[in-house]
Amino acid sequence: MKLYKKLLYLLFFSSTLTSCYIDMGEEEDDVVVDQWGGDYSEYEPIYMTRTELESSVKKMGPQEIIQPGKLYIFGDYIFLNEKYKGIHIINNTDPINPQRTGFLKIPGNVDIAVKGNVIYADNAVDMVSVSLNIDGSIAEINRVRNIFPGLTPPDLDYVPYNYDRSQSKEPEYIVAWASNNPAS
């Protein structure tokens, strides 16, 4: 009977030890590799050359709000980011009836800040400072080049190496990502 109890205890402890699996190893990535060995994203990058990027900031008339991002309220104005495209300028003097007064086209834009009459925004890898004048005109007053990392696709937190052209002889910068999936 004593031997039977010892075997039962041994069986019990050995079963508890084998059921307590602690994963101390590496986690598996969910990264899918495409046929050329690069990381796969469901999005394709949209590029601009350095020259195109630096001449891309423009004021336009009001645009349709399609993919709103960050919102910034400053005085009587609301600045609403349109992801990868720019900033909607909304006059909120009458909060019951806000008026879209213009759109600041800034390709690759996802974030903004405002101080005084100056809008600070990312323009893909650059930061641009744009003055917003009382007459509604704008002027780019400063550009800090290559201060931000490249824009990442919505399904990854990095730019797959096969899409990074920033170190090429003729550098191009990602200003947006377009879905490969026609259903999305």
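Predicted model: local features only at pLDDT ≥ 70, side-chain atom pairs only at ≥ 80, totals over all residues.
1. **Overall make-up.** The secondary structure of this protein amounts to two helices and eleven strands, and along the sequence these elements follow the pattern α-β-α-β-β-β-β-β-β-β-β-β-β. The chain has 184 residues, of which 30% count as buried.

2. **The open sheet.** Strands E7, E8, E9 and E10 form an open sheet of four strands in that order, and the pairing is antiparallel. Strand E7 (112–115) and E10 stand at the edges, and because each has a single partner strand, one side of each is left without a neighbour in the sheet. Neighbouring strands in this sheet are turned against each other by 25° on average, with direction ignored.

3. **The E9–E10 pairing.** Within that sheet, E9 and E10 are paired in the antiparallel sense over six bridges, and one of the residues involved is Val-130, whose bridge partner in E10 is Glu-140. Ser-131 is found in strand E9, which covers residues 126–132. Beyond its neighbours within four places in sequence, Ser-131 is in contact with Asn-117, Val-118, Ser-137, Ile-138, Ala-139 and Ile-141.

4. **Burial of Ser-131.** Is Ser-131 buried or exposed? Its relative accessibility is 9%, and a residue counts as buried when this value is under 20%, so Ser-131 falls in the buried class.

5. **Pro-160 in its loop.** Pro-160 is placed in the loop that runs between strand E10 (138–144) and strand E11 (172–179). Although this is a loop position, Pro-160 has 0% relative accessibility and therefore counts as buried. Its contacts, leaving aside neighbours within four places in sequence, are with Asp-39, Pro-153 and Trp-177. Pro-160 and Tyr-40 are separated by 120 residues in sequence, yet their C-alpha atoms are 7.5 Å apart in space.

6. **Stacked rings.** The count of aromatic pairs in the model comes to two. Tyr-77 and Phe-79 make up a stacked pair, at 6.2 Å from centre to centre and with 25° between the planes. What accessibility does each of these two residues have? Tyr-77, with a relative accessible area of 34%, is partly exposed, whereas Phe-79, at 3% relative accessibility, counts as buried.

7. **Edge-to-face rings.** Tyr-163 and Trp-177 form an aromatic pair that is edge-to-face, with 5.7 Å between the centres and 65° between the planes. This pair links distant parts of the chain, since Tyr-163 lies in the loop between E10 and E11 while Trp-177 belongs to strand E11, 14 residues apart. Tyr-163 counts as buried at 12% relative accessibility, and Trp-177 likewise counts as buried, at 7%. Trp-177 is also among the residues in contact with Pro-160.

8. **A charge over a ring.** Which ring face does Arg-165 lie over? Arg-165 is placed over the face of Tyr-47, at 3.9 Å from the ring centre.

Methods. Residues numbered from 1 in each chain as written. Heavy atoms only, no water. Buried < 20%, exposed > 50% of the residue type's maximum accessible area, 1.4 Å probe, protein only. Contact = heavy atoms within 4.5 Å. Pairing = 2+ DSSP bridges. Axes fitted to C-alpha atoms, helices over the stretch in contact; angles between N-to-C directions. Phe/Tyr/Trp six-rings, centres within 6.5 Å; stacked < 30°, edge-to-face > 60°. Lys NZ or Arg CZ within 6 Å of the ring centre and 35° of its normal.
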